[in-house]
Amino acid sequence: MGSARGRAPSMADVAARAGVSHQTVSRVLNGSPMVRAETRARVLAAIELVGYRRNNAARMLATNRSGRIGLIAAHLDHYGPSMIAVSLQQAGHRAGYDVSLVGLPDLRGDALGSAVDRLLGESVEAMVVAVAQREAMTRTLDLDLDIPVVVVQGVSRDQPMAAGIDQTAGAELAVDHLWHLGHRRIAHVTGPLDWIEATQRRDGWCLGHEHRGARPGPEIVGDWTARSGYQAGLALGADPEVTAVVAANDAMALGVFRALHELGRRVPEEVSVVGFDDAPQSAYYWPGLTTVRQEFSRLGEAAVDLAVRSLRGESSPRVDLVVPELIVRASTALAVR
């Protein structure tokens, strides 16, 4: 007996047939002892009736292992999230796990729950969620699953079951570099401020000034695109006191380059520009872009290691945030006095 309209049977179909929650179905598929024998039998009968991934479920029940980690990632059209997904897949394979990726436009509404159900249906042993926005972080931390859940992207220092890059320290590196070059009016083009990492980078820009008892320069909110960087650059470039700009990603830095060129303000002779990410093309901007490099490969290794350690029974393991590196190229120079 299949599901309606010819679609593949889902965990929801099994749950509805057995009269239980999808968490209970997940517990049965994962061999959890926290399910009564009568309920387990009812779920197994429902799996048979609806034809739900019968072979995969049988394998999981026989071995109690699927050798699979689930990965939920959003905004894969952006460089950072896409590289996080790549690094996690590569790290998972090196650790001997297949990685099932569910890519989404965002994790709002019911998107996260649907993605979780899909991966539970594949009997993943652990799940990694790449979180960009605050709402998604709240939803992720509220997940009540019987398998380890590791959060990456937008995490805080000492957050359990989380792996991330120290975004605040990265932005501080950018400000420190510009300050030592003599710049005192350092502007910032932020990412969208509902993104956790955008606010963390903004915090680093603010702290870089606060530690020196200085006021930050002007800031303009962007949306990660070169177009928003261009629009911000037109406004910032019109301020003759601005001698440096920290853009929250390399794409927006490219837009700032274009705007400054159109305004006749030379980079770096009149305005220095720093980006964030070290995307492959950044070295080939004209001039080459000084930027903050994120070590995505180390992030992937840390996240998979957390999942594996948790599967071994370690309680709430924590890892240090990955420290980024400033890559100095030709887009920054001494401030002209």
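Helices (H or I, at least four residues) and strands (E, at least two) are DSSP runs, numbered from the N terminus. This is a predicted model, in which local features need pLDDT of at least 70, side-chain atom pairs count only at pLDDT 80 or more, and totals for chains, interfaces and linings use all residues. Residues are numbered from 1 along each chain as its sequence is written, and side-chain values use heavy atoms, with hydrogens and water left out.

**View 1. Glutamate 125 sits in the loop between helix H6 (111–120) and strand E3 (126–130).** Glutamate 125 is buried, at a relative accessible area of 9% (buried means under 20% relative accessible area, exposed over 50%, partly exposed in between, with a 1.4 Å probe and protein chains only). Its side chain gets to the backbone nitrogen of glycine 67 at 2.6 Å. Skipping neighbours within four places in sequence, glutamate 125 is in contact (heavy atoms within 4.5 Å) with Arg65, Ser66, Gly67, Arg68, Tyr97, Ile147, Pro148 and Leu311.

**View 2. Serine 87 has its place in helix H5 (residues 79–94).** This serine 87 is buried too, with a relative accessible area of 4%. If we don't count residues up to four places away in sequence, serine 87 touches Phe296, Ser297 and Gly300. Alanine 37 is another story: 50 residues from serine 87 in sequence, and 41 Å from it in space, C-alpha to C-alpha.

**View 3. Helix H2 (residues 22–29) meets helix H3 (residues 37–50), their axes coming within 10 Å and crossing at roughly 90 degrees.** Axes here are lines fitted to C-alpha atoms, for helices over the stretch in contact, and angles run from 0 to 180 degrees between N-to-C directions. H2 and H3 are therefore roughly perpendicular to each other (that label covers 65 to 115 degrees; under 35 counts as roughly parallel, over 145 as roughly antiparallel, and the rest as oblique). On the H2 side the contact is made by Thr24, Val25, Val28 and Leu29, and on the H3 side by Thr39, Arg40, Val43, Leu44 and Ile47.

**View 4. An open sheet of 6 strands runs in the order E7-E6-E8-E9-E10-E11, with mixed pairing.** Two strands pair if DSSP finds at least two bridges between them. Strand E7 (219–221) and strand E11 (325–327) are the edges, each pairing on one side only. From one strand to the next, the twist averages 20 degrees. Strand E10 (residues 290–293) and E11 run antiparallel, joined by 3 bridges; threonine 291 has isoleucine 327 in E11 as its bridge partner. Helix H9 (residues 196–210) lies across strand E6 (186–190), E7 and strand E9 (272–277), at about 170 degrees to E6.

Notes. Polar contact = N/O pair within 3.5 Å; in protein donor to acceptor, adjacent residues only side chain to side chain.
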